[in-house]
Amino acid sequence: MRSRFTFLLGALVITAMPLALAQTGSLHLPGTVEAGSAFSIQSTGNGNAVLYIVGLGQVVKRKVQLGQTVSFAPGDLRSAGHYLAVLVGDSSTENGAFDVTAAHQPGALSFLAKPSRLAVDLHDGISGVVYVFDAFQNLVLATTQVSFQLSGVAGATQTRTALTHNGVAWTKMDSAAKEGSVQFVARVGDAASTRVMQLVPGNPCHLRMSARPSGQRLAVETEPVRDCNGNALPDGTIVTFTERYKGGESTVDVPLKRGVARTDMPAYGGAKISVATGVFVGNEIRWGGER
Amino acid sequence: MKRPFVIVCSLFAAIFALGSDPPAVRVEPTDSVGPRPLEKQTRTAVIRDYLQAWRGLSGAFEQNRADLLDPDFVGAAKEKLAETIREQATQGIRTRYRDSAHDLQVVFYSPEGLSIQLIDTVEYDVQILDDDKVQTTQHVRARYVAVLTPTEVRWKVRIFQAEPK
């Protein structure tokens, strides 16, 4: 109820306002101005006045002489947005509005590439999002083509292009089959932004151990542990050896060192020894005969 | 001649003081917002925080206090708004922004969930005060592009820009 009353009161005042004010001048405003470019505002009438250019991105106040052209130099108005122009004279107030748009030339990219570290050979595992800005940090809302390139380790360079919508473009890329650093580049014209990502081996695909007597004990050792693309799993990856024998069980966790894990275990006749890393289970040995 | 003008301005000031009802908010249905599905809770939180940002902005510009932007804005949006507030303060200007209606549409949710973009066709009134004297009040209907990013406990506005209609 109160807001309806407020609205009606406002409408009444807005309707009455032109009658209450003498119209001694008028403003000639540009429809749109490109951020950072020069422009001018023409007023008519005579006498002194104050010109206000008011927006959320910038505020300008100038004393002006009515009837003269008010010039704005390049760089005076650099923040894109909607601006009100208000010319307050001794006996009149003139209002207008205009828009400042982002400069056409992209000046900077805000490039978010995720994740910074991921496994090899993942379909659509990498995402890139780009917001395109001009030199004044305005979002360039005009449709712009962005090119994405992923390169670095062995394998073909992947290239994608995408068009911005409301200033943003995105893509997804596959991670390469080989581990190592890759460069993910987003480019719009002369503006480019690079992110470095680390590809690490995927899940183990080959885990096989062997056992041999070592004095009173049993020496167990894996072959080099690799993922399905042949990348060696990183040193430090934990490999678990489990020995089950009559009346007991022994478990040993061993970190990979130079690609292999090795340890000693009790040598019980008829014991079963298994090996695993994470959820991946390797072969099993029955001491006294491999199975 | 000046007297009617003063009366009109006083009336507008009164309207602004009275007109503090919450804005009418309409949210467009979102079928697809790009690479990541948008959960209802996320959408609700983003819109709640965006509308709160307008309230924060309003207080900051009216009081020329850039610190009031801190809870709602971050990055380039905060820097630009803070700079405008500094310009206002330097020139003895204050502005009152009162948003009366928002027509919101979520248009993009980034694949990793770190940014979300809204288009807001917003209606608001702007009152310009110079040396505490109301110079004018204007009703504005504009289209804003806002990008919000998650912070510790809420979404904050990182990009905030009006675009030509």
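Which residue follows α3(B), and is its phi positive or negative? I looked there to open the notebook. The residue is B:G92, and its phi is positive, near 75°. I keep in mind that this is a predicted model.

**Entry: chain B overview**

I listed the elements of chain B and found three helices and five strands. Along the sequence they come in the pattern α-β-α-α-β-β-β-β. I then checked burial. Of the 165 residues in chain B, 41% are buried. I also looked at contacts between residues at least 6 apart in sequence. In chain B, 57% of these join residues at least 24 apart.

**Entry: the sheet of chain B**

I traced the strand order next. The five strands of chain B make an open sheet, ordered β1-β2-β3-β4-β5, with mixed pairing. β1 (24–27) and β5 (155–163) of chain B are the edge strands; each has a single partner, so one side of each has no neighbour in the sheet. From one strand to the next, the twist averages 25°.

I took a look at what packs on this sheet. Helix α2 (residues 40–63) of chain B does, and it touches β1, β2 (93–109), β3, β4 and β5 of chain B. The direction of α2(B) makes about 165° with that of β2(B).

I went on to the pair β3 and β4. Strand β3 (residues 116–130) and strand β4 (residues 133–150) of chain B run antiparallel and are joined by 15 bridges. B:D130 sits opposite B:K133 in β4(B).

**Entry: helix α2(B)**

I compared the length of α2(B) with expectation. The helix has 24 residues and reaches 35 Å from first C-alpha to last, close to the 34 Å expected at 1.5 Å a residue. I noted its buried residues: B:V46, B:I47, B:D49, B:Y50, B:A53, B:W54, B:L57, B:A60 and B:F61. They pack against β1, α3, β2, β3, β4 and β5 of chain B. After α2(B) comes B:N64, with a positive phi near 50°.

**Entry: helix α3(B)**

Helix α3 (residues 75–90) of chain B lies across β2 and β5 of chain B, at about 65° to β5(B). I ran the same length check. At 1.5 Å a residue, its 16 residues should span 22 Å; the end C-alpha atoms are 23 Å apart, which agrees.

The buried residues I found in α3(B) are B:A76, B:A77, B:K80, B:L81, B:T84, B:I85 and B:Q88. What covers them? The cover includes β5 (59–65) of chain A, together with α2, β2 and β5 of chain B.

I picked out B:A76, which lies in helix α3 of chain B. Why does B:A76 count as buried? It has 20 C-beta neighbours inside 10 Å, so it counts as buried. Leaving out residues up to four places away in sequence, B:A76 touches A:Q137, B:R158 and B:I159. I also took one distance: B:A76 and B:T151 are 75 residues apart in sequence and 15 Å apart in space, C-alpha to C-alpha.

**Entry: chain A**

I turned to chain A and found one helix and 26 strands. Of its 291 residues, 37% count as buried.

β4(A) pairs with β5(A) in the antiparallel sense over seven bridges. A hairpin of four residues joins β4(A) to β5(A). A:V54 stands opposite A:V59 in β5(A). β4(A) also pairs with strand β7 (residues 81–89) of chain A, antiparallel, over six bridges. There, A:V50 stands opposite A:V88 in β7(A).

In soluble globular proteins, nonpolar side chains tend to be buried together. I looked for such groups here. The largest nonpolar core has 91 residues; A:A85, A:V130, B:A146 and B:I159 touch the most other members. α2(B) gives the largest share, eight residues. The core also draws at least three residues from each of domain 1 (2–101) and domain 2 (108–200) of chain A.

Apart from neighbours within four places in sequence, A:V130 is in contact with A:L109, A:S110, A:F111, A:V146, A:V168, A:A169 and A:A186. I also found a second, separate core of 17 residues, including A:L207, A:A211, A:V225 and A:I273.

Technical notes
Residues are numbered from 1 along each chain as its sequence is written. Chains are lettered from A and ligands numbered from 1 in the order in which they are written. This is a predicted model: local features need pLDDT of at least 70, side-chain atom pairs count only at pLDDT 80 or more; totals for chains, interfaces and linings use all residues. Two strands pair if DSSP finds at least two bridges between them. Helices (H or I, at least four residues) and strands (E, at least two) are DSSP runs, numbered from the N terminus. Axes are lines fitted to C-alpha atoms, for helices over the stretch in contact, and angles run from 0 to 180 degrees between N-to-C directions. Two residues are in contact if their C-beta atoms, placed from the backbone, lie within 7 Å. The expected span of a helix is 1.5 Å times one less than its number of residues. A residue is buried if 20 or more other C-beta atoms lie within 10 Å of its own, exposed if 12 or fewer, and partly exposed in between; C-beta atoms are placed from the backbone. A nonpolar core is a set of buried Ala, Val, Leu, Ile, Met, Phe, Trp, Tyr and Cys residues joined through C-beta atoms within 7 Å. Domain bounds come from an automatic or database domain assignment.
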